[in-house]
Amino acid sequence: MILSGNGVGAVGGPAISRVVSLAELLGTPVYSEHNATNMHFPSGHPQYLGGNAHGIAGIRPWLRGADLLIAVGCDLFMEDRYVAGGIV
C-alpha cells in the first residue's frame, strides 16, 4: 500500500509521475494522507482508493490488509485524537 501526501503535491508533476509509476510497477493501492491539501495522485487512476479523513481510526482497515506501507511525502506522526487499541 502507498500512502501519498502533501509533499508529493508540493513538488508537483515529476513526483506525482514517480508515485504513479511505483504504484503501477507494484500493483498496489494508493491512499492519500490524513488532511491532504495538495493534488498528490490522480484521483481518476484505478489504483487510487481515496483519502483518509478520519486519522488513525480511518486507516486501520487499510493497514490490516497491507504487507508493507510505503509513505511518500507524508507526515506520519501528525497529531491525531486518541483512539483505543493498536494502530492495526
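## Basis

This is a predicted model: local features need pLDDT of at least 70, side-chain atom pairs count only at pLDDT 80 or more, and totals for chains, interfaces and linings use all residues. Residues are numbered from 1 along each chain as its sequence is written, and side-chain values use heavy atoms, with hydrogens and water left out.

## Helix H2

Helix H2 spans residues 13-26 and has 14 residues. From first C-alpha to last, H2 reaches 20 Å, close to the 20 Å expected at 1.5 Å a residue. That expected span is 1.5 Å times one less than the number of residues. Helices (H or I, at least four residues) and strands (E, at least two) are DSSP runs, numbered from the N terminus.

The buried residues of H2 are Ala-15, Ile-16, Val-19, Val-20 and Ala-23. They cover an arc of only 140 degrees around the axis, so they sit on the same side of H2. The arc is taken from the directions from the helix axis to the C-beta atoms. Buried means under 20% relative accessible area, exposed over 50%, and partly exposed in between (1.4 Å probe, protein chains only). The face turned away from the buried side carries exposed Pro-14, Arg-18 and Leu-25.

The buried residues of H2 pack against strand E1 (2-4), helix H1 (6-11), E2 and strand E4 (70-72). Just after H2, Gly-27 takes a positive phi of about 70 degrees.

## Nonpolar cores

The largest nonpolar core has 10 residues, including Ile-2, Val-8, Val-30, Phe-41 and Tyr-48. H2 gives the most to this core, with five residues. Apart from it lies another core, of five residues, among them Met-1, Tyr-31, Trp-62 and Leu-63. A nonpolar core is a set of buried Ala, Val, Leu, Ile, Met, Phe, Trp, Tyr and Cys residues joined through side-chain atoms within 4.5 Å.

## The aromatic pair

The whole structure holds one aromatic pair. The rings of Phe-41 and Tyr-48 have their centres 6.0 Å apart and their planes at 25 degrees, so the pair is stacked. Ring centres must lie within 6.5 Å to pair; planes under 30 degrees apart count as stacked, over 60 as edge-to-face, the rest as tilted. Phe-41 is buried at 3% relative accessibility. Tyr-48 is buried at 18%.

## Gln-47

Gln-47 lies in the loop between strand E2 (30-32) and strand E3 (48-51). Its relative accessibility is 19%, so Gln-47 counts as buried. A polar atom of its side chain lies 2.8 Å from the backbone oxygen of Thr-28.

Key:
Polar contact = N/O pair within 3.5 Å; in protein donor to acceptor, adjacent residues only side chain to side chain. Contact = heavy atoms within 4.5 Å.
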